[in-house]
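Look at the sequence and the 3D view first, then read on.

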Amino acid sequence: MLLHGIGSASRSWRNQLSGLSDRFRVIAWDAPGYAQSTPLRPETPDAGDYAMALLGFLDTLGVGRCHLVGHSLGTLMAARFAALHADRLLSLTLSSIAVGHAHMAAEERSRLLQSRLDDIVTIGARAMAEKRGPRLLGSDATSEMRQAVIDAMAQVQMPGYGQASRMLSGGDALADIARIPAWLPVQIIYGEDDVITPPAANLKAATVRPQAQVQAIPAAGHALYLEKPERFTAILADFAEAHDERN
């Protein structure tokens with residue numbers, strides 16, 4: 001089960017959908033308020049609201065237990081889901097961890113949130129994507145990869161993007177990671193060239209979960225699943241196979 005980040009969508013996982021489907025049933029959602037998905041009811045949701053939506057999504061699809069993968073903002077959702085519903089998981093992968101802004105000073109949190117909201121309102125999603133998108137990739141990225149990131153981000157819309165931004169502003173992934181039961185297998189994947197959720201942030205999360213398996217992908221930026229798809233997909237497959245209920 002694949003959860004995308006704040007400027008992305010289900011289609012961004014196309015390499016993992018094709019690369020894993022010969023061994024697993026693979027599902028990628030469009031988070032509430034993204035693409036054709038219904039937004040959440042609260043204007044300012046927290047990670048628990050997304051976790052509840054995910055629980056309902058899995059129930060509707062008849063998925064009992066799954067390997068849950070979150071990228072960036074999706075790690076906030078995934079960590080809260082694992083803290084609340086670990087019994088529904090076989091493993092948890094947190095990639096390019098967005099730890100949330102809960103521990104920032106109120107003024108800084110407000111500034112970052114307002115900057116996001118102002119961009120989409122004043123310059124529009126496409127211009128925002130062209131401004132923010134290239135920073136998601138490392139030095140090895142091709143022009144096609146950069147365009148794919150920009151095109152995905154250009155499709156975000158209100159109120160979904162605003163809700164996700166507010167969740168990020170109040171989020172605290174480290175607190176949720178600390179609550180995850182010790183028996184659940186957890187791995188952390190990050191790109192060594194990530195300037196959005198830098199290696200230090202991911203390694204800090206690893207100190208909260210010292211038994212987690214940590215994987216660093218060289219020359220990869222924030223959107224490492226797109227930039228280094230073969231390596232990223234292989235890491236997911238190896239971890240899932242090691243902890244699969246069919247074994």
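Which residues have the most contacts inside the largest nonpolar core? They are M1, L68 and L92, in a core of 76 residues. This is a predicted model: local features need pLDDT of at least 70, side-chain atom pairs count only at pLDDT 80 or more, and totals for chains, interfaces and linings use all residues. Residues are numbered from 1 along each chain as its sequence is written, and side-chain values use heavy atoms, leaving out hydrogens and water.

**The core**
- A nonpolar core is a set of buried Ala, Val, Leu, Ile, Met, Phe, Trp, Tyr and Cys residues joined through side-chain atoms within 4.5 Å.
- Buried means under 20% relative accessible area, exposed over 50%, and partly exposed in between (1.4 Å probe, protein chains only).
- The most core residues come from helix α3 (residues 73-85), which gives seven.
- Helices (H or I, at least four residues) are DSSP runs, numbered from the N terminus.
- L92 touches L68, A78, A82, I180, L184, P185, V186, Q187 and F239, not counting residues up to four places away in sequence.
- Contact means heavy atoms within 4.5 Å.
- In soluble globular proteins, nonpolar side chains tend to be buried together.

**Helix α6 and its surroundings**
- Ten of the eleven residues of α6 are buried, so α6 is largely enclosed by the rest of the structure.
- Among the buried ones are G160, Y161, Q163 and M167.
- The buried residues of α6 pack against α2 (47-61), α3 and α4.

**α4 against α6**
- Helix α4 (residues 106-132) and helix α6 (residues 160-170) pack at about 155 degrees, with axes 10 Å apart.
- That makes α4 roughly antiparallel to α6 (over 145 degrees).
- Axes are lines fitted to C-alpha atoms, for helices over the stretch in contact, and angles run from 0 to 180 degrees between N-to-C directions.
- On the α4 side, the contact includes R109, L113 and M128; on the α6 side, it includes Y161, R166 and G170.
- The contact residues divide into six nonpolar, four polar and three charged.
- Ala, Val, Leu, Ile, Met, Phe, Trp, Tyr, Cys and Pro count as nonpolar, Asp, Glu, Lys and Arg as charged, and the others, Gly among them, as polar.

**α3 against α6**
- The axes of α3 and α6 come within 10 Å and cross at roughly 65 degrees.
- α3 and α6 are therefore roughly perpendicular to each other (65 to 115 degrees).
- L73, L76 and M77 of α3 meet A164, M167 and L168 of α6.
- This contact has six nonpolar residues, no polar and no charged.

Definitions and conventions: Helix = DSSP H or I, 4+ residues; strand = E, 2+ residues; numbered from the N terminus. Parallel < 35°, antiparallel > 145°, perpendicular 65-115°, else oblique.
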